[in-house]
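Please look at the sequence and the three-dimensional structure shown below.

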Amino acid sequence: MLRSLALLLMLSPLIVRATTPPANDKFAGATALSGQVVTLAQQSGAAATAEALDPYIGGIKPTHSVWYRFDSINRAISISNNHVIVNHLAGANIGLFELGDADGGAGSLYLVQQVTNAAAGTDTLTFETAFPQRYYVCVDTPGIFSITLQQPGQNNDFFADAQVITGSVGSTTGSNLNCTDTGDTPPDNFDAQNSVWYTWVAPATAAVVFNTNFSYLYLGRYHSTAMAVYTGGSLATLALVTSDYSSGTGDNYGSNSRVSFNATAGTTYHIRVGTYSGGEDGNFNL
């Protein structure tokens, strides 16, 4: 009986589970990242293969390469704070490339930035885009990962890239043109569309006023701004201190915003400036 069982086991067919490479395994099949802010979850390089024309990343030839591509979207201004964020469950090499020839292949890529031998975790590539230009991202990892593209309308479009302002008296000019709030909205429901961010550390304990007075979209047309002030260490934990959209200078065609509050010395305040619902985006004075 034991001999018969052993014979049956020996004659049983070997079952092999085939793995299919992902659709974006090759450069030519790169997945398009469309929009200002886009995230693709549950990506995998487990079944990805190496290609002969895959470029080196930090002197390392990829072995599990998958590809993504996107086009720059900002026509008028140079934006430095673009981000590609990769959260990977295994080690990874990540390369960001600029396409040197519009009709070319992987052989015409120029390296813009790279992360090599990264342990499991989140890696962010921050870079400047030119228009018009196509970019490619190669993620070389044997595991699961997500990839996020952020293309801001202004350099302080996102909370993480807030512009630092200092002092007890001063002003600065800004713009929220082409900005987005996708994936970058604080917990409160205050309506400040297409907002940009500033941080300010109070130099003293005192009453403080921030305003966007005399902000014009164009001659004779006030910018209907909306402004809010927060405290907190991260976007998800921001606590609203005060907000306004109509207490500043203005007329029937739009108004600026003005907020006042009691600041505490050494506290970091996050100032969010956007456009009130239904208004037009553009320049402002803070």
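Tyrosine 68 is buried, and phenylalanine 145 is buried as well; buried means under 20% relative accessible area, exposed means over 50%, and partly exposed lies in between, with a 1.4 Å probe and protein chains only. This is a predicted model, in which local features need pLDDT of at least 70 and side-chain atom pairs count only at pLDDT 80 or more, while totals for chains, interfaces and linings use all residues. Residues are numbered from 1 along each chain as its sequence is written, and side-chain values use heavy atoms, with hydrogens and water left out.

The chain contains one helix and 22 strands. Helices (H or I, at least four residues) and strands (E, at least two) are DSSP runs, numbered from the N terminus. Of the 286 residues, 44% count as buried. The C-alpha atoms fill a box of roughly 95 × 50 × 35 Å, taken along the principal axes. The radius of gyration of the chain is 25 Å, whereas a compact globule of 286 residues would have one near 19 Å; the radius is taken over C-alpha atoms, and the globule rule is 2.2 Å times the number of residues to the power 0.38. Contact means heavy atoms within 4.5 Å. Among contacts between residues at least 6 apart in sequence, 76% join residues at least 24 apart.

The aromatic rings come next. Rings of Phe, Tyr and Trp (its six-membered ring) pair if their centres lie within 6.5 Å; planes under 30 degrees apart count as stacked, over 60 as edge-to-face and the rest as tilted. By this rule the count comes to 17 aromatic pairs. In one of these, phenylalanine 27 and tryptophan 67 are edge-to-face, with 5.3 Å from centre to centre and 85° between the planes. This pair links distant parts of the chain, 40 residues apart: phenylalanine 27 is in the loop between helix H1 (2-11) and strand S1 (31-32), and tryptophan 67 is in strand S3 (residues 65-71). Phenylalanine 27 counts as buried because its relative accessibility is 12%, and tryptophan 67 counts as buried because its value is 0%. Tyrosine 68 and phenylalanine 145 also form an edge-to-face pair, at 6.3 Å centre to centre and 85° between the planes. Here the link is between strand S3, which holds tyrosine 68, and strand S9 (residues 144-150), which holds phenylalanine 145, 77 residues apart. One aromatic cluster is formed by Phe27, Trp67, Phe97 and Tyr136.

In soluble globular proteins, nonpolar side chains tend to be buried together. A nonpolar core is a set of buried Ala, Val, Leu, Ile, Met, Phe, Trp, Tyr and Cys residues joined through side-chain atoms within 4.5 Å. Which members of the largest nonpolar core touch the most other members? Of its 21 residues, they are Tyr68, Phe70, Val84, Ile94, Val137, Val139 and Ile147. The elements that give two or more residues to this core are S3, strand S4 (79-88), strand S5 (92-99), strand S6 (109-118), strand S7 (121-129), strand S8 (134-140) and S9. Apart from this core lies another, of 18 residues, among them Trp200, Phe261, Ala263 and Ile271. Leaving aside neighbours within four places in sequence, isoleucine 147 is in contact with residues including Leu33, Tyr68, Val84 and Val137.

Two loop residues deserve attention. Asparagine 156 lies in the loop between S9 and strand S10 (163-165), and it is buried because its relative accessible area is 8%. Beyond four places in sequence, asparagine 156 is in contact with Asp161, Ala162, Gln163, Val196, Trp197 and Tyr198. Glycine 282 is found in the loop between strand S21 (268-275) and strand S22 (283-285). Not counting residues up to four places away in sequence, glycine 282 touches residues including Gly174, Leu177 and His223.

A cis peptide bond, with omega about -10°, joins phenylalanine 131 and proline 132, and proline 132 is placed in the loop between S7 and S8. Glutamine 42, which is not a glycine, has a positive phi near 55° and lies in strand S2 (residues 37-44). Is glutamine 42 buried or exposed? Glutamine 42 counts as exposed because its relative accessibility is 64%. Asparagine 117 likewise has a positive phi, of about 50°, although it is not a glycine, and lies in strand S6.
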